[in-house]
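The structure comes first, then the description.

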Amino acid sequence: MTTTQTGVRTTGRIGDSAQRPDGTLKVTGEFAYASDLWHDDMVWGVTLRSPHPHARIRRIDVTEALTVPGVSAVLTADDVPGENAYGLEHADQPVLAAEFVRYEGEPVALVAADHPETARRAAARIRVHYEVLPALTDPRRALDDDAPQVHPGGNLVRHLRLRRGDPEPTAPVVVSIDFEVGMQDQAFLGPESGLAVPAEDGGVDLYVATQWLHVDQRQICLALGMPPEKVRLTLAGVGGAFGGREDLSVHVHACLLALRTGRPVKMSYGREESFYGHVHRHPATMTYEFGAERDGTLVYAKARTLLDGGAYASSTAAVVGNAGLLGLGPYRIPSVAVDAYGVFTHNPPCGAMRGFGCVQAAFAHEALMDELAAAVGVSPVEIRQRNGFVEGDRTVTGQVIDSAAPVAELLQRVADLPLPSALPERPDLLDLPGAVGNTTHGEGVHRGVGYAVTYKNIGFSEGFDDYSTARVRLQVVAGEAVATVHTAAAEVGQGLVTVQQQIARTELGVERVVVVPADTAVGSAGSTSASRQTYVTGGAVKAACEAVRTAVLQRAAVALGRPVAGLALDGDKVVGPSGEVLAGLGEVLGDDAVEETVEWRHRPTHAVDPETGQGDAHVQFAFSAHRAVVDVDTELGLVKVVALDTAQDVGRAINPDAVVGQIHGGSAQGMGLALMEEVVVTDGHVRNPSFTDYLLPTILDMPPMRVEVLEYADPHAPYGVRGVGEPPTISSGPAVAAAVRAACAKPLRRVPIRPEHITGT
Amino acid sequence: MDFLQPSSWDEALASRAERPDALPIAGGTDVMVELNFDRRRPGALLDLSRVDELRAWSVEDGAVRLGAGVPYARVITELADRLPGLAMAARTVGSPQIRVRGTVGGNLGSASPAGDAHPPLLAAGAEVEVASAARGTRRIPVAEFFTGVKRNALEPDELIAAVHVRTARGPQQFCKVGTRNAMVISVSAFALALHPDRQAVGTGIGSAAPTPRRAPEAEEFLAGELDWAGRAALPESLARAFGERVAAAASPIDDVRGTAAYRRHSLAVLARRAATWAWDDLRRAA
């Protein structure tokens, strides 16, 4: 660290593991999540949901519900004043079902009452007369001529067609597989919650846990028939998101009830309702074929992917885009033919989840790379290194990768990490598959090692206008320089507030940075998804800080009678070229505040050719590799993950601790999909809407990790950052699946891998 | 809903007699879930957590009289030597917080086929002590206590006072399969107790039939085949044959947690392994 003449260097700049302001509050239980929202005279809203995957609503009788003492409103589709439709990409989802219900759990009516239990009891007295209709629950049948139609326009949401190179390629070595991925849930710990407060101007203020305030606002305005200035959103404490808060949940419902009752309305889902209240990760069925030279060099790839979008479009089209455009893995492949389909069914709607289409595909392409390695007689690491991207390569869409693509190095790094020691003669139960379940003392236990590597697009792709807005103010308050950062970017637990503080400290040299609550009083920050906020909102905060700094230094230059070129900000001081203090910030600014608002965009991306899928669709790629070591009790089909180590290029670690935290969490989430996390849906009905039966990894399922963080700066990105959040979720699961296959010598073409799959019973 | 909170056992029995619609609650780890999900709405809750008599255990005639309100955490720390099978099962219950709240008496009251305490109680030949204000105390062999899915032999005016479990005379094992390595409801479970003093074998099966149940035919088979006198090593073929008989005693179903076929298969493996471990322990102890 260099010491300036001021003698003080602000800590908590970029590159430091600055403490997060919400950290202590969260671990001590003091943090106010959206479910803690409270207003003195509020009433509670609850949702009545469809018990059927597909039915026509004949009639809704709310008379009896209205007679329940304490009930202040009962609303149905007829009470939606604006357009009864919302959706991220297509407004195809009713706020409240009108003529049809298209999935189990679809909202049909709302009740507001002075107590949530009263509201629930009243909701149970709403008589909905359903005519149950045949449901389309097998996505493989969705495109058949005789399949029930989920929407009038047919059951196809999107078909992504990707073609490159030789249309009829041949190769001496050909391997192929079918693979299936089950439906994963985001399983954020803080269920959907919000508080809508009616305002004197006839509008409404909504406090809600979400990922993108402005896209919510747009949809709410449409449904309420109100202009944006009447519908103001403020981010409430978010307990995790992972894509599951991109679509609306309580938003319009709470506003409708608040406007009807004239009272603040709180809505807060329980865990069971949460499983019906947000989209899930698309289940996928995939058929992949790779052709290669005898040394394993890939010649061609063919893939057909079918994603079950469920009843409404949500972000299915974009997920199909990723599954198609990125679905062959980080490999040089001269000839490709990919068809990725997203379809409507009467299953629960699916949409965004961490890894967004790449997660499903990675299970298939990584399993197939292992097949190829075996077919040509090289190791799993070698086959990937031989075919892995390097900077300057063209992707399968023809896009040149114009920053680091260290596929081979990432694999080498994880391969070079020490392997865990073998099980001792009498192992501790906690170290064995089954743990204190006492199912083995070592009998039937086999060890396996698996590798996987991935790449993921960072930021929104395919020509989307992806920007963020930041407002930064610098002033001296009571003798201390304070920077205030205002954006609409959603802190969902990942640490974005801390990142914004670090950037402001770095750019403005001040110690004290206040990040004010995210709301719609400032322009859109875009979504907290696609691993994009540190890049895009970070870029916007950096640009706004630069604008503030320029303005302050210009004032200083005038005041000091010196050229602006040699001036800088450090601490509360304006310093000269060699760090000498020239003036205090207070002397320069007096009582004035300098404020700048900047809308910042990353480099544009482009739509792909509809026939060939070719084009520069993405702004940045991020790479990660995992090595998993597992012990499998092959007789019982139980798995203990012994090690799950990873290497990832993050471009530049703004907050190294937070980066590692993201990698730990993402790895656990990917491993969960490989081994246990599945929303089980039978005939359109969710069978395990609880954390009793939707199993998440515990501390005994997730091993301590070794994490190698590489920092190859992307010259096109602010500070060289590369998105961090998603890649670990993509490569960890396939590595675990590969390790299990290696341990039990079975093909295992479906995840989550259940004990039955391993034992064959 | 009324909330009844007796502070003595007599008071509890009186309340029970007066209010047959009351639902007894001990640690609340089952009951509160049922209430929160609105699966039950009893007229009253009968909170037994203030009844000190229920929270004690003692040894009587070579058996532990385990008060119905003793939580799993105490079974683990205080009774692992006397009741090793039950302590092993207690260790697999939920999370540390659940083990502090949850009780063996509550497990019996819920009578779930997946209750972790049931297989070791079956294997040990335990008896459930129940009482009513009108008729006093009676004992029910645990194998007769479970009468159906989540149903037990309690009369409407009765409460569970304790469970009597003979202090282990030989090795005991408890094994539980779940699809993650902690905090999981069993897909299948198996308990084994060797009773060398009477050359008998006890078994208990969990999560693989409408009720927890024994595998009597497997018990007799193994007891008859074991070399009790010579303590010769357990042949693999015998362990396997025992496992198959245990699996045959189950009547599992397919559900979201596992398939019937896997439940049978896993029981066969667990029973084979448990028998081997227990017999090896006995041989080592000799």
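The crossing of α9(A) and α10(A) is left-handed, a term for a near helix turned anticlockwise from the far one by less than a right angle, with right-handed for clockwise. This is a predicted model, where local features need pLDDT of at least 70, side-chain atom pairs count only at pLDDT 80 or more, and totals for chains, interfaces and linings use all residues. Residues are numbered from 1 along each chain as its sequence is written, chains are lettered from A and ligands numbered from 1 in the order in which they are written, and side-chain values use heavy atoms, without hydrogens and water.

| Helix pair | Axis angle | Axis distance |
|---|---|---|
| α9(A), α10(A) | roughly 160° | within 8 Å |
| α8(A), α15(A) | about 40° | 9 Å |

The α9(A)–α10(A) pair is therefore roughly antiparallel (angles over 145 degrees). On the α9(A) side, V381(A), R384(A) and Q385(A) make the contact (heavy atoms within 4.5 Å).

α8(A) and α15(A) are therefore oblique to each other; their crossing is right-handed. Residues in contact include F363(A) and D370(A) of α8(A) and P734(A) and R741(A) of α15(A).

The largest nonpolar core has 96 residues, and Y288(A), L328(A), V736(A) and V740(A) have the most contacts inside it. Such a core joins buried Ala, Val, Leu, Ile, Met, Phe, Trp, Tyr and Cys residues through side-chain atoms within 4.5 Å, buried meaning under 20% relative accessible area (1.4 Å probe, protein chains only). Helix α8(A), residues 358–376, gives the most to this core, with twelve residues. A second, separate core of 52 residues includes L37(A) and M42(A).

Technical notes. Axes fitted to C-alpha atoms, helices over the stretch in contact; angles between N-to-C directions. Helix = DSSP H or I, 4+ residues; strand = E, 2+ residues; numbered from the N terminus. Parallel < 35°, antiparallel > 145°, perpendicular 65-115°, else oblique. Buried < 20%, exposed > 50% of the residue type's maximum accessible area, 1.4 Å probe, protein only.
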